[in-house]
Amino acid sequence: MSDNLVEVKNLTKVFPIKQGLFSGHFGKPKQFVHAVNNVSFHIKQGEVFSLVGESGCGKSTTARTIIRLHDPDGGSIHFGGVDITHLGEKEMYPFRRRMQMIFQNPYSSLNPRYTIRNIISEPILFHKLAANKKEADEKALEILNNIGLRPEQADRYPHQFSGGQRQRISIARALALNPEFIIADEPVSALDVSIQAQILNLLLDIKDEYNLSYLFIAHNLAVVKHISDRVGIMYLGHIVEVGNKNTIFKHPLHPYTNALFASIPVLGQKMKDPAITGDTPSTPIDLPSGCCFRKRCAFAQKICAEVVPELKEYEPGHQAACHFVEKGGC
């Protein structure tokens, strides 16, 4: 039996662009945003797997498609050994409790008209995880205590809390349903640096206490290094490198990964040459042929425009999608 909780294979998601009344008529082709392109990875029980990349690379769309907030256009998603790729809403219902999401902006994800007690206890009652309101309230207060808030704060409203406290409340709401898997989509990027470490450490503590697995979405490499077990690097909807955290930070194989790491400032040291040119396309509509990164890569050659590089394993557990890894070009 596999110890993978989540298995994603060749996942694809595109979005049609609205172009007006005559879109698709009179020879004007429809255009699509290619948000996720043939993405494959797995997440083990109890593991923190992070997706890293610049804004617009498809990290959040991948996460929302896995949890079925978006319907996939290709590939498959297995959760706990069950294929959930094409399940209808009724069939997905039992999985909704087992998969929870923590969003970037905690204030917009909390109902401002509800007290914190109700925000946490209502899902418990809805999913019948408590026999009555009293039992649900008791569970809500226990969870609040576990995430660092006092029971007497339960009857306050979201606007009465700081950003860090609101993110703790979002975490508590996710924990209320006893999930197995949590997607954390940039959960600390909107917080002060002084608060970020507290939230990251809280996520690690509850992971062990509640036996959780995480898909962690981020662009901050220091945050990723702190919390991750394994890391996937995304560019224009593709995963270009996957590996153990320590391996990928010490020995990156793909030129894009090298460029990301080269952009990290080190006090007293000169910035490295990232071997990267131009900017990431703001919208992945007309994707380049072959390698998705070739137009910004200093190592690109003819084969890069003609053949899509496979995600190949170059050392145990360490994969990269580049034609020149073995030749030392990256």
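Of the 330 residues in this chain, 47% are buried, where buried means under 20% relative accessible area, exposed over 50% and partly exposed in between, with a 1.4 Å probe and protein chains only. This is a predicted model, in which local features need pLDDT of at least 70, side-chain atom pairs count only at pLDDT 80 or more, and totals for chains, interfaces and linings use all residues. Residues are numbered from 1 along each chain as its sequence is written, and side-chain values use heavy atoms, with hydrogens and water left out.

The chain has 10 helices and 12 strands; these are DSSP runs, helices being H or I of at least four residues and strands E of at least two, numbered from the N terminus. Contact here means heavy atoms within 4.5 Å. Among contacts between residues at least 6 apart in sequence, 63% join residues at least 24 apart.

Now the strands. Strand 1, residues 4-16, pairs with strand 4, residues 74-79, in the antiparallel sense over 5 bridges; two strands pair if DSSP finds at least two bridges between them. In that pairing, Lys 9 stands opposite Ser 76. Strand 4 also pairs with strand 5, residues 82-83, again antiparallel, over 2 bridges. There Phe 79 faces Val 82. This hairpin has 2 residues between its strands, and Gly 80 takes a positive phi near 60 degrees.

Next, the cores. A nonpolar core is a set of buried Ala, Val, Leu, Ile, Met, Phe, Trp, Tyr and Cys residues joined through side-chain atoms within 4.5 Å. The largest has 60 residues, of which Ile 171, Leu 203 and Phe 216 touch the most other members. Leaving aside neighbours within four places in sequence, Leu 203 is in contact with Ile 102, Ile 171, Pro 187, Tyr 214, Phe 216 and Ile 227. A second, separate core of 30 residues includes Val 6, Val 39, Leu 51 and Ile 66.

Is Ile 143 buried or exposed? Ile 143 is buried, at a relative accessible area of 3%. Not counting residues up to four places away in sequence, Ile 143 touches Ala 172, Leu 175, Ala 176 and Tyr 210. Its C-alpha atom is separated by 8.6 Å from that of Arg 173, 30 residues apart along the chain.

Last, the lining of the largest cavity. By class, this lining has 10 nonpolar, 2 polar and 1 charged residues. Ala, Val, Leu, Ile, Met, Phe, Trp, Tyr, Cys and Pro count as nonpolar, Asp, Glu, Lys and Arg as charged, and the others, Gly among them, as polar.
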